[in-house]
Amino acid sequence: MGRKLIFFLPVLVFLILGGYFFWGLDPERNPADIPSVMIDKEVPVFDLARLDGSGVVGFNNEDLKQGTVTLVNAFASWCLPCLAEHPILTELAKRNGIRLYGINYKDKPEDAARWLREHGNPYARIGADNSGRVSIDWGVYGVPETYIVDGEGRIRYRHIGPLDQAATDEIILPLINELKQ
Amino acid sequence: MSAELGQFALILALLLSVVQSAVPMIGAARGNRAWIAVAQPSALLLFGLTILAFGALTQAFMVSDFSLSVVYQNSHSAKPMLYKITGVWGNHEGSMLLWIVILTGFGAAVAAFGQNLPPTLRARVLSVQAMVTLGFLAFLIFTSNPFDRIFPAPLDGRDLNPLLQDPGLAFHPPMLYAGYVGFSIAFSFAVAALIEGKVDAAWARWVRPWTLAAWITLTAGIALGSWWAYYELGWGGWWFWDPVENVSFMPWLMGTALLHSAIVVEKRDSLKVWTILLAILTFSLSLIGTFVVRSGLLTSVHAFAVDPERGLFILVLLAIAIGGSLLLFAVRAPTLTAGGLFSPISREGGLVLNNLLLTVATSVVFVGTLGPLLLEAAGTKISVGTPYYNAVFIPLMVPLVAVMAVGPLLPWKRAELGAVLSRLKFAGLMTIIAMLATAYLVEGGPVIAVAAVGFAIWLLAGAIIEWTERIKLFRVPFGDSFKRMTKLPRSAHGMTLAHAGMAIAILGMTGSAAWKTEDIRIARPGDNIEVAGYNYLFEGMRSIQGPNYQAEQGRFVVTRDGEFITVLTPEKRLYMVQNMPTTEAAIHTNGLRDLYMAVGDSDGNGGWTVRIYHEPLVPWIWAGCIIMVIGGTFSLSDRRLRVGAPVRSKRWQAKSGSGQAGARA
């Protein structure tokens, strides 16, 4: 009997596997999602100096704990997708009145300042992260990346890659509104 | 008009596959000759119908008929004709149709060339083949119809993904599918044998050529794919352990195991149950691969349009095909009679070890590919990359390669390991010399690379020794050796070539993985870059205009010690319709190393990102694969594989005389 049961092993393994496959087909599930270990944790301790020529000051982790929800966006002048999301960020800051801080990632200050002059500066504060060290602490994979930080300085959401209208309308804005309450 | 013709042919094919699934199977069970006889003409007609549908779709692509949704989505009137045609399978619907064409093509080949198969077995094989075809035809027609029209027809199309506009990738899918789908024949034979309740040497002799044919095309397909990744993606790598690469690699590993275990069934009437299981699993892995690629289950650089409904449909197909065949296996396999015994040290023993290692290697790749999905279901998200495979897969390959050299020298049933190893003294000597030479010539690099070179040489020398012993080279006059060589069965030459090809590929993989030099930097015209002893002078960039793209082309003069080597012109292309950039690497090879370079983005101040790689031995990877393919083809052309009939009939009578189940006329 034992010998016979062993012949059922392959089909059993397959059935279990099939169950996982079925679970994996859930259209809500996005296999490309990269979870952040930083989610719901406090932002790392950092202090970023101002970006020369930007006309705004830098910021540190204490500045993110002042009771206001902040959108923190890592960007660089050499990054094309950053330019693509720029109008969306500008709209979020200007029209929706969301506090937007920028981390200027591995950039030359003069390049970044020129970029901001050309395309407009939606950021209330910009920290210059020339070495990229602070971005590593934040868990930035590459620019652009956008974080929602609540009033207590905890990271609540992370968006990898350029923001598009759909992500903004369906995730970013609802979450910010929820956090504001 | 021709699109409707294609649609009509597909529907007819669907109906015909229903008939072919049922009638010959029932006929074989009841011994009704007329019903059995339906199988052959039906299989041929089925092939004809799918070819007709494929032709209609190809025609629509060639004349840019944008009233077809799939043509509009994947073609453009300005595209070169070659890519209009290859665009037929550069998308989900068309590639699925190609899948089915190959599936029915293999069925038709069994119908046409399987004259010496027992009629009931042939009927059952073709019936099972038709069931698989039925499933995929239903999938195609109901969820991914290539002949869907759009109205009004758009003026021009959206163009094919530019990465696919490349000769290497154009022919990669048909090869790969031929390999994947080719294993369906082994699968159908296995299921038919389970239904018949009979597996014998003759069965193995019929299965082997089909498995071999599938293995050859899959080898070529994978090699072509990795070659494409090498020169098109611009990162100097040739294998990324990407999920989609892995799902093509798993059937290859399993198919290689099947190829070897079928030898044991054929020669020794042993390992029957195991071989049946391997045949089912190999095709199951091909099906799972298709599922994974087309359901969006895993992330990959190879993405097809993801549609959960399609994923569910294929999952149901998987459940029926894999679940059903494995259930049949569970019920029927215990009734198969066990074969002859053998000692662990013997040719059979070597092949069993080969099978064990290949199966474990397949599971390792399987866990690495699908493990993240299982863990994600449990709530943790991980990604598995090259370090995992380096740590787990390579240690498995070491004993495999070591045994590969010894196995062919072992006699059947029982062998003296000492005697065999003493015949490999020369190979051992070569191995030591090669390792010492490598350690001396190459400064730095991992120690394991030196060992890898040693193993590759061990395998290469072992393969050559086995061959020279068979023709008694240097031991009898040369003329006699030559005569022996011409008399040697082609499958023997084939094995030597395939094993030697593997050794050469391993050398290539080792060289490029261990001693690659790379340099990535921003360069300006006039800059000199020194990489691995070669000097690259960046002369400048210029704009060029292609048929459906614009490109920036760099010009680099390569010299070594002041001596001119070559001019490299890597390109960065922008395909206008899809607004998608691609890199075109420039490669200079001398057979021993590749100089490889790609240009990236401009920094806006006259500088360009430049990637330069020096890749030792990398061409040997594909040279080795080509040799493996040639070896397989040589073996496939062996007379013994083609005309099994006379041998079979003798064994047949002997077998039926011994009173086995399933006696046939």
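Predicted model: local features only at pLDDT ≥ 70, side-chain atom pairs only at ≥ 80, totals over all residues.
Residues are numbered from 1 along each chain as its sequence is written, while chains are lettered from A, and ligands numbered from 1, in the order in which they are written. Local features need pLDDT of at least 70 and side-chain atom pairs count only at pLDDT 80 or more, whereas totals for chains, interfaces and linings use all residues.

1. Six helices and seven strands make up the element count of chain A (DSSP runs numbered from the N terminus: helices are H or I, at least four residues; strands are E, at least two). Their order from the N terminus is α-α-β-β-β-α-β-α-β-α-β-β-α.

2. In chain B, the axes of helix 1 (residues 2-30) and helix 3 (residues 39-62) come within 8 Å and cross at roughly 160° (axes are lines fitted to C-alpha atoms over the stretch in contact, with angles from 0 to 180 degrees between N-to-C directions). Helix 1 of chain B and helix 3 of chain B are therefore roughly antiparallel (angles over 145 degrees). Their contact has 19 nonpolar, seven polar and no charged residues (Ala, Val, Leu, Ile, Met, Phe, Trp, Tyr, Cys and Pro count as nonpolar; Asp, Glu, Lys and Arg as charged; the others, Gly among them, as polar).

Technical notes: Parallel < 35°, antiparallel > 145°, perpendicular 65-115°, else oblique.
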